[in-house]
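Open the model in your viewer and keep the selection tool ready. This tour goes from stop to stop, with something to select at each one.

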Amino acid sequence: MKNNWNDYPVSRRGFIKASLATAASLALLPGYAKKRVSETGVLRLGFIGLGQQAQGLLANFMNFPQVQVVAGCDVYDVKRKRFAKKVNAFYSKSGNVPGVTTYERYQELLARPDIDVVVVATPDHWHAKIAMDACKAGKDIYLEKPLTFTIEESKALVKAVRKYKRVLQVGSQQRSDARFQHAVKLVQDGKLGKITKVYARVGPPPTPYSLAEEPVPAGLNWDLWLGPLDKRVHYNNELNPIISVDPEQNETFWAAWRWYKETGGGLTTDWGAHMFDIAQWAIGMDGRGPVEIIPAGYGDAEYLTFKYDNGVVMTEQRFDEAYTQGVKFFGDKGWIEVSRGHFLASDPAWNFTQPMDNDKDNKGAQSPHMAAFLKAVETRKNPNVPVEVGCSTCITCLLGNIATDLGRPVKWNPDKQQFVDDHEAAAHRLYSYAYKNGYTL
């Protein structure tokens with residue numbers, strides 16, 4: 001894979017008649033919001049997946065004056081109602097005429113020619129299918145991490161993004177966080193000397209689905225939620241939390257589909273998409289990945305271990321007593337550790353000197369991350385986390401789960417993106433799986 005992401009061509013949208021900077025200034029003029037968006041150069045956004053993660057994304061995107069949120073899609077009717085209520089209330093305050101439309105099926109949203117960008121925040125098993133369909137529909141995409149559910153989906157999505165010349169930003173907002181950027185720069189500038197090992201604290205892999213079957217609530221299309229997954233995955237409210245609009249009752253926990261093998265990748269993919277991502281970025285492995293993956297408990301490997309062809313060894317293990325999810329880099333001249341809201345270095349001269357925040361959810365990095373995406377849409381250049389980066393990070397996470405499932409090491413060729421003489425690993429469900437219920441990739 002290329003590492004100069006801006007070498008890839010992406011076509012300019014013909015409808016944008018003014019730059020986003022101009023649109024931002026026009027947004028301050030009286031009557032601006034009442035004009036047709038297509039006449040102003042403002043980007044029209046549609047959201048696909050309206051759960052807990054989408055709420056934060058929505059609040060951030062709506063604050064950009066060059067953005068107009070016009071549509072949302074979810075398989076649960078109460079989430080559609082909540083979305084419409086929030087969007088209409090936001091724009092009503094500015095004197096805009098509310099006009100958001102909601103859909104149960106994402107294909108209807110993608111069919112709208114006036115929508116320029118889609119924000120995809122569905123469960124992981126829908127990511128690749130929806131994003132590839134969005135590419136074909138000519139939409140640019142902000143796609144939540146992990147990029148895909150399987151390795152083959154990642155590879156197919158890269159091809160689709162490049163074939164249809166779309167801008168795709170992976171929702172790995174730590175890339176836009178000054179604290180993580182500082183850590184990566186220290187590593188890449190050689191301040192720590194030669195990097196020999198990395199501790200990336202993520203968390204455990206997924207477990208078999210074990211939740212009790214419950215009645216599907218009215219208004220939730222469970223068949224659509226499942227999509228290409230096996231229908232033997234039955235409904236439980238922990239997979240899609242019950243909420244209400246009046247009275248307002250939002251999610252009180254993260255949907256548990258991410259913790260089970262049949263529906264997610266556990267913390268290996270959920271937080272690996274963040275912390276393994278930072279580690280690979282720092283050590284120059286964006287767009288590539290490890291060459292050998294050893295599961296925890298195999299031989300002398302106490303922890304899930306990733307070996308790279310530059311000699312670096314990354315292990316999934318804690319670096320402090322609090323089991324903080326973060327990354328610690330070790331070089332022959334010292335070490336640094338970084339997490340959300342935390343930075344520590346062996347040399348005080350390396351310390352992060354900007355004001356520290358206490359936002360453990362890293363929400364403060366979302367706005368600059370989205371700004372990078374919107375700028376990329378304007379310029380038709382790649383954002384700071386393009387599809388190839390998301391692919392390599394996602395594949396690393398999936399390789400960890402494959403080795404763990406097999407209970408033995410696997411060898412990987414990151415340039416060819418295939419296993420080395422390992423038919424069993426290549427046949428694993430996380431490499432590729434047959435879509436069910438009539439769906440195809």
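**Stop 1: salt bridges**

Start with the charged side chains. A search of the whole structure finds 25 salt bridges. Keep in mind that this is a predicted model.

Select R175 and D277. Their side chains meet in a salt bridge, 2.8 Å from N to O. Now colour the elements around them. R175 sits in the loop between β6 (168-170) and α7 (178-188), while D277 belongs to helix α10 (residues 272-282), so this pair ties together parts that are 102 residues apart in sequence. Are R175 and D277 buried or exposed? Both are buried.

Next, select K261 and D405. Here too the side chains form a salt bridge, with 3.1 Å from N to O. This pair links distant parts of the chain, 144 residues apart. Look for K261 in the loop between α8 and α9 (266-270), and for D405 in helix α12 (residues 387-406). K261 has 24% relative accessibility, so it counts as partly exposed. D405 has 31%, so D405 also counts as partly exposed.

Move on to R288 and D415. They form a salt bridge whose closest N and O atoms are 3.0 Å apart. R288 is in the loop between α10 and β8 (292-294), and D415 is in the loop between β14 (410-413) and β15 (418-419), so parts 127 residues apart in sequence are tied together. Why does R288 count as buried? Its relative accessibility is 18%, and buried means under 20%.

One more selection: R44, R112 and D114. These residues are linked in a network of salt bridges.

**Stop 2: helix α2**

Select residues 52-62, which make up helix α2. How many of its eleven residues are buried? Nine are, and the helix is mostly covered.

Now show what surrounds them.

**Stop 3: the largest pocket**

Stay with α2 for a moment, and select Q53 with A121, W254, W257 and R258. Of the 50 residues that line the largest pocket, these lie nearest its centre. The elements giving two or more residues to the lining are α2, α4 (106-110), α5 (127-136) and α8 (222-226). Which element gives the most? It is α2, with three residues.

The volume of this pocket is about 960 Å³. Colour the lining by class.

**Stop 4**

In soluble globular proteins, nonpolar side chains tend to be buried together. To see a case here, select F329 and I336. Within the largest nonpolar core, which has 78 residues, these two touch the most other members. Helix α12 gives the most to this core, with ten residues.

Zoom in on I336 and show its contacts. Leaving aside neighbours within four places in sequence, I336 is in contact with A183, L186, V187, L192, V327, K328, F329, F343, L344, A345 and W350.

Finish at a second, separate core of 27 residues. Select A54, F61, M62 and V100, which are among its members.

Notes:
Residues are numbered from 1 along each chain as its sequence is written. This is a predicted model: local features need pLDDT of at least 70, side-chain atom pairs count only at pLDDT 80 or more; totals for chains, interfaces and linings use all residues. Side-chain values use heavy atoms; hydrogens and water are left out. Buried means under 20% relative accessible area, exposed over 50%, partly exposed in between (1.4 Å probe, protein chains only). Helices (H or I, at least four residues) and strands (E, at least two) are DSSP runs, numbered from the N terminus. On a 1 Å grid over the protein atoms alone, a cavity is a set of points where a 1.4 Å probe fits but cannot get out, and a pocket is an open set with protein on both sides within 12 Å along at least five of seven lines; lining residues have an atom within 4 Å of a point. Grid points are joined across faces, edges and corners, and a volume is the space filled by probe spheres set on the points. A salt bridge is a side-chain nitrogen of Lys or Arg within 4 Å of a carboxyl oxygen of Asp or Glu. A nonpolar core is a set of buried Ala, Val, Leu, Ile, Met, Phe, Trp, Tyr and Cys residues joined through side-chain atoms within 4.5 Å. Contact means heavy atoms within 4.5 Å.
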